[in-house]
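Let's take a friendly walk through a protein model, looking at its cores and at one of its sheets. Please keep the sequence and the 3D view open as you read.

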Amino acid sequence: MIRRDAISEYSRGALWVLPTICAVVAIAVGLSLSFVDVGPRSLLAFQGTADDARTLLIGISSTMVTVIALLLGLAVVALQLSSTQFSPRLLRNFLRDRPNQVVLGVFVGTFAYSAGGLFTVGISGGQRVDEFPRFAVSVAIALLFLSLALLVFFADHLVHSIQVDAIMRVVERNTLPLVRAAEFSSEEPTPEPPAWAARVPSSVSGYLQRVDVSRLAAEAAQHGFAVRLRPRIGEHVVAGTTFAWVWRPTAGDTPPDVARLGRQALYRYTRLGFERTLEQDPSFGLRQLVDMACKALSPAVNDPYTAVQAIERLSVLYAELATRPVGDCVVRDPRGAVVAVVAGRRFAEHLALGCGLIRRYGAREPTVAYALLRMLTTCAELAGDRPGRRAAIDREARLIVDAAERDTVEPADLAWIRRQIETLGQVGAA
């Protein structure tokens, strides 16, 4: 299951997969249409000679090669811009952009269709003939006009996709479902492995991308052992270090067969990769927005307003986090015994991730501190009386105000920050 998920995750972010499929389909369609016989007087038939048809197909093929090169060049420029201007972690979003893949697939398919037609149009048995599949040539002309329309669409889509608001909206839209899924929602203290638990080392290095918790827990319950992963989703693991612990519920040394079963289950139902993904890691989406804010606050860019926009997008995600239980993923059997534990990030840790870096980079800019306090006020209003939420919010607010008072040159600039901290206090009093 995990291995199929890995293939699916890779294919969604690979630029070559959909164009390859389109090329194969185009050749198959062209081969099928070559058997469709329409008379020369039909409205669907190409009206020229066999030589005219071959010249047309050659022209379409060469044009598509030029257009594909242009499209890839524009895509590389967009990737470079997003990487240097915003964050290198945003490249995945551009690679996974389905409209870009569809446009590239249609262009490659049109080229394959036209180039493949050169084997049949006006040639038979190595000799020139006057008969050729007129309807298939007409379809090539239709594909040419479709490609022209998609080229205009691609230019418009590319311009809009590199706008900062569109980039942030994509990150927000991809992260919200993970927050709402509430898969990691246990706020109880993390169950620690007992002293007799067997250590399971990692066989490879990489980021923990995905854990099929339900299947892992089911296999652990079936074979009578419990398992606890050491890394959280999105954390990096080094080969040879502790990846998990496996143990039997009863005290005593863990038998080798139990450790072996645990290793096999972990291999089947966990996945380590060379990069972080958004499959089960909402903190990666938070990190992308935080990176955009920090990049905007760097001396090389010096764009505080973009940082404020990133904080406003973060507010939407933290508003969801504030209203939901977040923490570990703990699965128990019907008797209440722990069978699987995957550590997760609690609300305070998520909040520190979003506020800490931006606070340190933007301590000299009052508008950034004000935006952070507004975000915390929203969280306080929605969190209600959930345990620990208010303490985490107050701690981050105090750090923000202390940094602003320490680094702001003009004391008058602190007036609206103080007003916002008063508003935050009133939300707590209500």
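This is a predicted model: local features need pLDDT of at least 70, side-chain atom pairs count only at pLDDT 80 or more; totals for chains, interfaces and linings use all residues.

Residues are numbered from 1 along each chain as its sequence is written, and side-chain values use heavy atoms, leaving out hydrogens and water.

A nonpolar core is a set of buried Ala, Val, Leu, Ile, Met, Phe, Trp, Tyr and Cys residues joined through side-chain atoms within 4.5 Å; buried means under 20% relative accessible area (1.4 Å probe, protein chains only). The largest core has 51 residues, and Phe347 and Ile358 touch the most other members. Helix H13 (366–383) is among the elements giving two or more residues to this core, and H13 supplies the largest share, 10 residues. Beyond its neighbours within four places in sequence, Phe347 is in contact (heavy atoms within 4.5 Å) with residues including Tyr318, Cys379 and Arg389. A second, separate core of 32 residues includes Val67 and Phe135.

Now for the sheet. Helices (H or I, at least four residues) and strands (E, at least two) are DSSP runs, numbered from the N terminus, and two strands pair if DSSP finds at least two bridges between them. Three strands form an open sheet in the order E6-E4-E8, with antiparallel pairing.

| Strand | Residues |
|---|---|
| E4 | 206–211 |
| E6 | 236–237 |
| E8 | 270–273 |

E6 and E8 are the edge strands, each with a single partner strand, so one side of each has no neighbour in the sheet. E4 and E8 are joined by 4 bridges, and Val211 stands opposite Thr270 in E8.

Conventions
Buried means under 20% relative accessible area, exposed over 50%, partly exposed in between (1.4 Å probe, protein chains only).
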